[in-house]
Amino acid sequence: MALLRVPAGWAEDYPLSKITKLQAALACCLITTTAQAGCNDDGPPCEVPLGTYHILVPEDAAGPLPAVMFLHGAGGAGTGAVNPNGMGQSLNARGYVAIGPNGLDREGRFGTGWSFHPERPKMRDEIAFLEQVADDASARFGVDRDSIMLAGFSIGGSMASYVACDAPDTFAAYAPVAGSFWRPHPEACAGPVHLLHTHGWRDKTVPLEGRPLGNGTIYQGDVWYAMQVWRETNSCDGLRADSFDTIDAFMIRRWDTCAADTALEFALHPGGHGIPRGWSNLALDWWENLG
């Protein structure tokens, strides 16, 4: 059976928090007819020792498959990444498995999240958890363990950024959206990476310059400075971007004459704090063009 098609622009790449009750209900009803999701027919999460995750596999898929593991924002859940009427469909249509790990339950108004801040107590070894998810998805669903891109939105983007910095070999590529390092910024990262950072020009929730939270007890990082960290990590000694492009609403700066086997891009779009329309295709085109 072919994947369900929805009207263009209706539900492809919007903030996961904006999924309506109707869309959620449709996802519940259609998830078993469009692709393989969850770990059983009724779609409960898969379990690994350190947590749970959701998965959506293209129908009639065969052989090792590439995947995008997408980390949700504050208060979200892994189900957002496998929505067969949204991101999950977009990824499946391109032949990619969609994987949505579940963040930790946290006290406070934001609910679920990730234990990523370098100066805060670690509630879970998140890198170990994501490795467990990747290994489990490979063993049980035929995901190519060496072809997984880790992406994430907001603090999920921050979590993806810290994994890329601390353990770059964990995944093949990284694509944070609207989330990056927090202050104090890392002084250095472990090694070169393939990384595409996407951010909204009008983002006021995670501004490009960052902002104080908790009455100044914690500060978001500066995305401009984060790009400097990534340039240093990838030995982009020339500093300035090597090429520029405009794709739909995205204005892109590329550093492609840096360390061997690296790819660094910064994509700005005119919107605010959200996953911009067309992001899935932008990220997959970037990854596939790495060659």
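## Cavity

A search of the whole structure finds one cavity of 30 Å³ or more, a cavity being a set of points, on a 1 Å grid over the protein atoms alone, where a 1.4 Å probe fits but cannot get out. About 30 Å³ of space lies in the largest cavity, the volume being the space filled by probe spheres set on the points, which are joined across faces, edges and corners.

The model is a predicted one, in which local features need pLDDT of at least 70 and side-chain atom pairs count only at pLDDT 80 or more, whereas totals for chains, interfaces and linings use all residues. Residues are numbered from 1 along each chain as its sequence is written, and side-chain values use heavy atoms, with hydrogens and water left out.

The lining of the largest cavity (residues with an atom within 4 Å of a point) consists of Ser158, Ser180, Phe181, Trp182, Val206, Gln220, Gly221 and Val223. These divide into four nonpolar, four polar and no charged residues, with Gly counted as polar.

## Helix H5

Val223 also belongs to helix H5 (residues 223–233), where Val223, Ala226, Met227, Val229, Trp230, Arg231 and Thr233 are buried, that is, under 20% relative accessible area with a 1.4 Å probe and protein chains only. The buried residues of H5 pack against helix H4 (155–166) and strands E8 (194–200), E12 (250–255) and E13 (263–269).

## Overall make-up

Helices (H or I, at least four residues) and strands (E, at least two) are DSSP runs; the protein has six helices and 13 strands. Buried residues make up 54% of its 291 residues.

Definitions and conventions: Buried means under 20% relative accessible area, exposed over 50%, partly exposed in between (1.4 Å probe, protein chains only). Contact means heavy atoms within 4.5 Å. On a 1 Å grid over the protein atoms alone, a cavity is a set of points where a 1.4 Å probe fits but cannot get out, and a pocket is an open set with protein on both sides within 12 Å along at least five of seven lines; lining residues have an atom within 4 Å of a point.
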